[in-house]
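Hi there,

Here is the structure I promised to pass on. Have a look at it first, and my notes follow below.

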Amino acid sequence: MTDTAPPTTADPRPPEPPAEGRVRAPSAPTGPGTVGSGTGGPDAPARSYAALAADESREDYSLRYAPHSFRRWSPGTVAGTALGGIAYLADFAIGASIVFTYGFTSGSASILTAAVIIFVTGIPIARACATYGLDMDLVTRGAGFGYFGSTLTSLIYASFTFIFFALEGSIMAQAMHQAVGLPVQAGYLLTTLIVIPIVFRGMGALAKVQAWTQPVWIIGMILPFLVLAFEAPDSWGAFSSFGGTEGAGSGFSWLGFGMGTGVALSLIAQIGEQADYLRFMPAKTEANRRRWNLAVLAAGPGWVIIGAAKQLGGAFLAFVALEAVGTTHALEPIAPQIEALRPWLGGFALPAAAIFVVVSQVKINVTNAYSGSLSWSNFFSRITHRHPGRVWYIFLNLAIALTLMEMNMFAALNKLLGFYSNVGIAWIAAVAADLVINKRIGLSPPYIEFKRAYLYAVNPAGFGAMVIASTVSILAFFGLFGPYAEAFSTFIAAGLAVTLCPLIAWATKGKYYLARPNPVNGPGVAIEEITATHTCAVCATAYELPDIADCPAHAGPVCSLCCSLDATCGDACRKAPLPGPVPLPLPTVSSGRPAGAGGGGPHAV
């Protein structure tokens with residue numbers, strides 16, 4: 001293997017690869033190395049990463065802190081890219097399914113209630129990801145779950161991405177079948193393959209695709225409702241008294257409300273996909289403070305405002321098309337689109353609807369595939385101590401999604417999403433509780449620590465709260481505690497997670513958040529330059545200080561990824577007492593001059 005070390009964080013100008021190559025410490029020896037080897041003390045050869053893992057223009061710091069030197073996009077560009085990923089039409093199918101099953105009154109109340117819960121829990125998570133430059137997995141580590149405790153949530157998040165990739169891919173395949181007669185099985189394969197070249201290239205390519213396709217998507221989204229406003233102005237009144245297709249009736253039902261909210265809450269993990277973009281938000285300054293706050297709010301929890309509108313809108317389009325196409329096809333977004341456009345576009349309604357559906361599904365499925373590759377990378381790096389590169393996990397995620405499509409998961413939509421939401425909301429609610437409650441009252445550290453060197457393997461505060469909450473709610477979901485507990489199982493999950501997270505942190509006195517203090521960039525460590533770097537003693541590459549840990553096994557600074565991949569250090573850094581002080585050199589700033597006294601100076605910890 002002729003691998004290279006990863007590029008310096010000070011050089012890249014996204015989305016292009018770094019122009020100046022990589023930065024190595026003058027005294028660090030080089031050698032072939034292998035991914036995940038990296039042990040042996042300060043005189044060992046520098047670790048070399050596989051070519052795909054080393055190219056940060058594709059890798060996008062998938063397992064790391066996103067450095068300030070990489071965050072060259074404006075708040076508006078990051079927000080626009082993140083919001084481009086919510087173009088999906090699963091909202092149409094989910095909203096139609098809820099209203100058709102539980103009626104308009106209970107169904108619309110479910111959709112709006114779920115939106116409020118998702119919005120409220122999404123605010124602190126979005127701000128944390130944008131502030132600290134971390135994805136959802138890394139935030140989860142430091143928000144009450146611990147280093148290995150968040151491994152389970154990586155699987156939860158990965159399952160979200162492939163479940164919804166399969167759902168969106170099914171919708172695209174249905175459109176291709178309607179438009180050109182392509183068999184749906186072949187459509188499943190085509191919808192899977194089409195996203196690979198885009199996702200392979202990373203954030204830069206995703207930003208371009210979202211920007212280029214946005215005008216087509218906006219026109220396609222608005223036009224059907226505009227047509228109906230002129231051609232069927234009385235249809236909304238009839239829709240508001242719709243009792244569903246399964247005998248639910250037009251009145252309000254608590255059971256229907258609870259069950260419908262559970263289905264809608266399956267989208268709560270979408271904040272993770274928003275966070276995968278929000279981590280590239282530039283630093284908040286006095287000059288950009290207003291734009292930064294607005295962008296984070298819009299691209300973080302703000303997605304659900306559009307999402308809820310799409311669910312209600314999708315249900316409305318399905319209702320209008322119900323008599324013409326039947327219940328089964330009304331739940332497939334392509335058919336209601338065609339029926340809505342037909343009065344104005346005539347024979348062109350089918351190709352116009354198909355183009356809109358394909359564009360929408362490409363926009364979301366590149367995000368699903370991208371986020372899935374990040375979550376699988378996080379999971380396997382901790383389990384195997386190896387990282388061949390984010391892009392390899394694209395294929396794993398897509399293979400699972402393709403299998404689900406071939407199994408016709410679309411037919412079991414409500415049950416699958418209702419079950420998933422019990423786990424998803426327990427996770428998100430526990431993280432939000434830690435960020436909002438535990439950190440504010442001092443039970444949790446005031447910052448997000450994500451590096452293995454400073455974390456316990458499992459923190460019972462968040463991890464324990466999630467496991468207990470999801471277990472109880474799943475039992476309720478399967479009817480163990482009666483029909484009302486079954487209907488409101490997701491509320492049980494959310495309530496338990498929010499309550500237990502601070503209670504467990506209080507009972508354990510916050511002991512399991514930090515295994516030891518962080519002397520590199522923890523609270524109380526003054527740093528003059530936010531882009532100051534240390535050179536990793538393992539891979540001989542410069543990384544900004546939030547990505548660095550002091551390592552007694554290597555007698556110097558190591559980057560977070562080399563720390564994660566070290567399989568033989570024995571976690572010496574977390575064993576008391578430490579083998580000895582770790583000498584750290586002066587941090588270096590991007591101009592090449594060392595940081596001043598505020599940067600820490602030569603010190604031992």
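Helices α5 and α6 cross in a right-handed way (the near helix is turned clockwise from the far one by less than a right angle). Please keep in mind that this is a predicted model, where local features need pLDDT of at least 70, side-chain atom pairs count only at pLDDT 80 or more, and totals for chains, interfaces and linings use all residues. Residues are numbered from 1 along each chain as its sequence is written, and side-chain values use heavy atoms, with hydrogens and water left out.

The axes of α5 (residues 136-145) and α6 (residues 149-180) lie 9 Å apart, at an angle of about 135° (lines fitted to C-alpha atoms over the stretch in contact, with angles from 0 to 180 degrees between N-to-C directions). Helices here are DSSP runs of H or I, at least four residues, and strands are runs of E, at least two, numbered from the N terminus. On the α5 side, Asp137, Thr140, Arg141 and Phe145 meet Gly149, Ser150, Thr153 and Ser154 of α6 (contact means heavy atoms within 4.5 Å).

Now for the whole chain: it has 22 helices and six strands. Of its 605 residues, 60% are buried (under 20% relative accessible area, 1.4 Å probe, protein chains only). Among contacts between residues at least 6 apart in sequence, 79% join residues at least 24 apart.

Key: Buried means under 20% relative accessible area, exposed over 50%, partly exposed in between (1.4 Å probe, protein chains only).
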